[in-house]
Amino acid sequence: MSARCRLLLAVSLLGVASVALAQDLPENMPKRKPGLWEMQSTGMGGQPQVMKLCLDESTDRDMYKMGAQMSGHVCSKFNVSVQGSTVVSEAVCRVDGPSGPINLTTHSETRFDGNTSYQTQGHMTYDPPVMGRSEMAMNSSGRWVGECPAGQKPGDMVMPNGTTMNIKDMQRH
């Protein structure tokens with residue numbers, strides 16, 4: 001994966017999935033239904049990006065833990081609260097970019113509809129700008145689409161270009 005793709009993935013994961021980046025997750029954090037999830041995000045300056053993730057309870061929990069480990073290394077502030085079916089998060093982080101450190105400030109609100117879908121609206125600011133942008137609004141949604149296909153294991157994520165990577169393998173690197 002190219003450095004630009006890794007940076008975009010890291011920035012989008014921090015921004016869109018910032019729900020998972022809390023040091024101490026609330027006890028009432030929503031859980032997603034095990035199976036195949038289709039996730040769509042917009043705001044990266046192009047067409048909507050669609051990814052599919054095979055998820056089980058362990059992988060969902062591990063993704064939260066991975067986020068917590070990431071936030072501990074790169075975020076000086078992280079607040080997350082669960083208000084009914086909505087998770088609100090704010091973060092101030094410093095991530096390594098190809099040209100040096102990037103200060104990233106995020107605010108997102110994720111509304112869950114039971115355990116089978118969610119919608120996230122987020123706003124990020126960058127200093128210095130990333131790829132010519134100093135701020136970005138991002139929207140994402142996820143929906144449970146059924147059982148994982150044969151041959152897919154929990155943690156397998158099919159990227160927009162068709163490449164498959166495993167979230168659990170990323171934790172080991």
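**A friendly walk through a predicted fold**

The protein chain has three helices and nine strands as its secondary structure, where helices (H or I, at least four residues) and strands (E, at least two) are DSSP runs numbered from the N terminus. This is a predicted model, in which local features need pLDDT of at least 70, side-chain atom pairs count only at pLDDT 80 or more, and totals for chains, interfaces and linings use all residues. Residues are numbered from 1 along each chain as its sequence is written, and side-chain values use heavy atoms, with hydrogens and water left out.

Me: In what order do the elements of the protein chain run from the N terminus on?
Reply: Happy to trace that. From the N terminus on, they run α-β-β-α-β-β-β-β-β-β-β-α.

Me: Is M29 buried or exposed?
Reply: M29 sits in the loop between α1 (3–16) and β1 (35–42). Buried means under 20% relative accessible area, exposed over 50% and partly exposed in between, with a 1.4 Å probe and protein chains only. M29 has a relative accessible area of 7%, so M29 is buried.

Me: How far apart in space are M29 and V82, C-alpha to C-alpha?
Reply: In sequence, M29 and V82 are 53 residues apart. In space, their C-alpha to C-alpha distance is 6.6 Å.

Me: Which side chain of opposite charge is nearest to D156?
Reply: D156 is found in strand β8 (residues 156–158). D156 is buried yet has no salt bridge, a term for a side-chain nitrogen of Lys or Arg within 4 Å of a carboxyl oxygen of Asp or Glu. At 4.3 Å away, the nearest side chain of opposite charge is K153.

Me: Which side chain does a polar contact of 2.8 Å join to that of D156?
Reply: Contact means heavy atoms within 4.5 Å. Not counting residues up to four places away in sequence, D156 touches K52, L53, C54, G151, T164, M165 and N166. A polar contact is a pair of N or O atoms within 3.5 Å; within protein, one must be able to donate a hydrogen and the other to accept it, and residues adjacent in sequence count only if both atoms are side-chain atoms. At 2.8 Å, the partner of D156 is N166.

Me: Which residues form one aromatic cluster?
Reply: Rings of Phe, Tyr and Trp (its six-membered ring) pair if their centres lie within 6.5 Å; planes under 30 degrees apart count as stacked, over 60 as edge-to-face and the rest as tilted. The count comes to two aromatic pairs. F112 and Y118 have ring centres 5.8 Å apart and planes at 45 degrees, so this pair is tilted. The cluster is formed by W37, F112 and Y118.

Conventions
Lys and Arg count as positive and Asp and Glu as negative; His and the chain ends are not counted.
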